[in-house]
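Here is a short briefing for a reader who is new to this structure. Look over the sequence and the model, then read the points below.

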Amino acid sequence: MPFGLARLKEPPAAEVLLVEGKRVPLLFVRNPRARRYVLRLRPDGTARVTVPRGGSWVEARRFVARNMTWLQRQTLAARPMERAPWLVGSEILFRGEAVKILAGLDGTREVTFADQTVRISDGEPDCRPALERHLHRLAAAVLPPRVFQFAQEHGLKVERVTVRNQKSRWGSCSRRGTVSLNWRLLQAPDFVADYILLHELMHLRQMNHSQKFWQEVEQVCPDFRTAERWLKAHARLLR
């Protein structure tokens with residue numbers, strides 16, 4: 001795999017590697033807290049290279065070249081995950097609780113879970129598409145007001161809140177005050193969803209993941225490590 005080794009002052013532009021016949025996007029990210037170069041294959045198929053403080057983009061490229069065998073093995077091992085159908089009787093996560101999908105009244109095309117009722121299209125045995133659309137709409141109704149409430153409590157200004165269908169992150173925050181959230185937060189316990197909302201809001205104070213940022217997070221969400229453990233244990237929800 002050819003790598004240009006000219007000295008780079010800025011991060012390399014987005015690149016695509018050809019690994020075992022598959023196009024793998026390559027992303028370089030500098031992390032001042034990192035002590036070494038790290039290569040990871042993310043669930044979305046992107047190869048992410050962490051560049052430590054003091055590291056160079058040239059050496060980051062060499063690091064990828066040295067680890068191509070590992071990346072090839074990981075790419076071969078990664079198989080597209082089939083989404084399990086949600087059928088009547090299946091259990092799904094809703095606000096952190098496992099709830100069962102139940103059939104509606106006889107003669108109707110409705111299913112229920114927890115306190116929710118959703119109409120299912122005729123000839124659609126898999127309830128998942130309809131339930132995911134319902135959860136997305138519900139998240140769009142309940143999450144933004146919570147963000148604005150937290151922002152007011154902590155003296156922060158939020159311009160806009162969107163609820164999206166991200167495949168690799170729970171949320172994000174821009175410098176302009178736009179907070180984007182994943183609708184799947186509605187499947188997490190309330191304390192976990194609140195942590196993500198507060199995490200993104202703290203980026204309005206520290207637009208990074210520095211030690212100061214995590215201090216800000218801990219001040220507003222002292223139990224954030226418990227929420228992080230839940231998110232790690234349920235990372236497959238994003239896939």
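Two strands pair if DSSP finds at least two bridges between them. Strands (E, at least two residues) and helices (H or I, at least four) are DSSP runs, numbered from the N terminus. This is a predicted model: local features need pLDDT of at least 70, side-chain atom pairs count only at pLDDT 80 or more, and totals for chains, interfaces and linings use all residues. Residues are numbered from 1 along each chain as its sequence is written, and side-chain values use heavy atoms, with hydrogens and water left out.

**Overview**

- The chain has six helices and 12 strands.
- Of its 239 residues, 43% are buried. Buried means under 20% relative accessible area, exposed means over 50%, and partly exposed lies in between (1.4 Å probe, protein chains only).
- Take contacts between residues at least 6 apart in sequence: 44% of them join residues at least 24 apart. Contact means heavy atoms within 4.5 Å.

**The sheet E7-E8-E9**

- Three strands make an open, antiparallel sheet in the order E7-E8-E9.
- Its edge strands are E7 (102–103) and E9 (116–119), and each pairs on one side only.
- Two bridges join E7 to E8 (residues 110–113). Ala-103 stands opposite Val-111, and Leu-102 has Thr-112 as its bridge partner.
- Four bridges link E8 and E9 in the antiparallel sense. Here Glu-110 stands opposite Arg-119.
- E8 and E9 form a hairpin with two residues between them. In the turn, Ala-114 has a positive phi of about 50°.
- In a regular strand the side chains alternate between the two faces of the sheet. Along E8, Val-111 and Phe-113 point to one face and are buried.
- Helix H3 (residues 128–153) lies across E8 and E9. H3 runs at about 130° to E9, an angle between N-to-C directions on a scale from 0 to 180 degrees, with axes fitted to C-alpha atoms and, for helices, over the stretch in contact.

- E5 (91–94) and E6 (residues 97–100) are antiparallel and joined by four bridges.
- Glu-91 has Lys-100 in E6 as its bridge partner.
- Two residues lie between the strands of this hairpin, where Arg-95 takes a positive phi near 55°.

**Nonpolar cores**

- A nonpolar core is a set of buried Ala, Val, Leu, Ile, Met, Phe, Trp, Tyr and Cys residues joined through side-chain atoms within 4.5 Å.
- The largest has 51 residues, and Leu-131, Leu-181, Tyr-195 and Leu-201 have the most contacts inside it.
- Elements giving two or more residues to this core include E5, E8, H4, H5 and H6. H3 gives the most, with nine residues.
- Beyond its neighbours within four places in sequence, Leu-201 touches residues including Val-147, Phe-150, Leu-156 and Val-179.
- A second, separate core of 16 residues includes Phe-28, Ala-47, Val-49 and Val-51.

**Helix H5**

- H5 covers residues 211–220, and Phe-213, Trp-214, Glu-216, Val-217 and Val-220 are buried there.
- These buried residues fall within an arc of 155° seen down the axis of H5, so they line one face of the helix. The arc is that of the directions from the helix axis to the C-beta atoms.
- The buried residues of H5 pack against H4 (190–202) and H6 (224–233).
- The face turned away from the buried side carries the exposed residues Gln-211, Lys-212 and Gln-219.
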